[in-house]
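Subject: A structure for you, with some notes

Hello! Here is the structure I promised to pass on to you. Have a look around first, then read on for what turned up.

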Amino acid sequence: MKIAVMGTGMVGDAIGSKLISLGHSVMMGSRTKNNEKALAFVSKNSDNASEGTFAEAARFGEIIFNCTKGEHSLDALKSAGDALNGKILVDIANPLDFSQGMPPTLLPALSNSNSLGEEIQKAFPDTKVVKTLNTMWNGLMVNPNLIGNGDHINYICGNDADAKSKVISILNEVGWKKENILDLGDISAARGTEGYLPLWLRIYGATGSGAFNFKLVK
């Protein structure tokens, strides 16, 4: 597939590199063409890697992964214009507020009774927004078998059942077992998965490692 990865940070690099290793073509999008980090991403990966602006990447991708910083996600995606229309947008971002230092909190306007996932869906009504992978360290996103033989939980939510099914297929390719992917329902469930970040950050601070996740025990 042709896949766009929006964002040049560690998450975008990890997702893009993994998808390339699975045989997909990936364009990394950023605010400006020839972004230094995007060029480094292209350099270290195969001929299936390319880079461009957010708009160019959105036009390129059949599926788009939003790996931008949550506080800037809406502006970044809006710069792609109507290139997102009709496509699946996998939202991995979290609306973290670093204004008061570490650990960050959630942006008040995008927490509790709202979420970044919902705001993206409102801003792009013709785009199929699917929220997933946002509750863990990027190393686990692309290699769940790093801990517990991959037997831990990943959540997914979104309004379009077919879009979620297609994203689950990609997650299976990455290494996520179907039985460990829990569908929480429509995009409003992003309030819950994004709201998990304050706890995740405290656990990270207490343990000094991001290589952990949770298992659902019933």
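Let's start with N66, which is buried, with a relative accessible area of 0%. Buried here means under 20% relative accessible area, exposed means over 50%, and partly exposed lies in between (1.4 Å probe, protein chains only).

Before going further, a word on the source: this is a predicted model, so local features need pLDDT of at least 70 and side-chain atom pairs count only at pLDDT 80 or more, while totals for chains, interfaces and linings use all residues. Residues are numbered from 1 along each chain as its sequence is written, and side-chain values use heavy atoms, with hydrogens and water left out.

**Back to N66**

You will find N66 in strand β4 (residues 63-66). Helices (H or I, at least four residues) and strands (E, at least two) are DSSP runs, numbered from the N terminus. The side chain of N66 is joined to that of D91 by a polar contact of 2.9 Å. A polar contact is a pair of N or O atoms within 3.5 Å; within protein, one must be able to donate a hydrogen and the other to accept it, and residues adjacent in sequence count only if both atoms are side-chain atoms. If we leave aside neighbours within four places in sequence, N66 is in contact (heavy atoms within 4.5 Å) with M6, S73, L77, L89, V90, D91, I92, A93 and I120.

T193 lies in helix α8 (residues 190-195). Is T193 buried or exposed? T193 is buried, with a relative accessible area of 6%. Its side chain makes a polar contact of 3.5 Å with the side chain of N134. Not counting residues up to four places away in sequence, T193 touches K131, N134, T135, Y155 and L184. From T193 to N154 the distance is 9.7 Å, C-alpha to C-alpha, and the two are 39 residues apart in sequence.

K37 sits in helix α2 (residues 36-44) and counts as exposed, at 53% relative accessibility. Beyond its neighbours within four places in sequence, K37 is in contact with T8 and M28. The C-alpha atoms of K37 and M10 are separated by 9.9 Å, and these residues are 27 apart along the chain.

**Aromatic rings**

The structure holds three aromatic pairs. Rings of Phe, Tyr and Trp (its six-membered ring) pair if their centres lie within 6.5 Å; planes under 30 degrees apart count as stacked, over 60 as edge-to-face and the rest as tilted. One of the pairs is W200 with Y204, stacked at 5.4 Å centre to centre and 15 degrees between the planes. Why are W200 and Y204 separated by about one helical turn? Because they are four residues apart in helix α9 (residues 197-207). W200 counts as buried at 10% relative accessibility, whereas Y204 is partly exposed, with a relative accessible area of 38%.

W200 also pairs with F212: the ring centres are 5.4 Å apart and the planes are at 25 degrees, so this pair is stacked. That pair links distant parts of the chain, with W200 in helix α9 and F212 in the segment after α9, twelve residues apart. F212 counts as buried, at 14% relative accessibility. Ring pairs link W200, Y204 and F212 into a cluster.

**Spaces in the structure**

On a 1 Å grid over the protein atoms alone, a cavity is a set of points where a 1.4 Å probe fits but cannot get out, and a pocket is an open set with protein on both sides within 12 Å along at least five of seven lines; lining residues have an atom within 4 Å of a point.

A search of the whole structure finds one cavity of 30 Å³ or more. The residues that line the largest cavity include I15, F65 and M141. Helix α7 gives the most to this lining, with four residues.

The largest pocket is lined by 35 residues, and the closest to its centre are M10, V11, C67, T68 and K69. Which element gives the most to the lining of the largest pocket? α9 does, with four residues.

Enjoy exploring!

How values were computed: Points joined across faces, edges and corners; volume = space filled by probe spheres on them.
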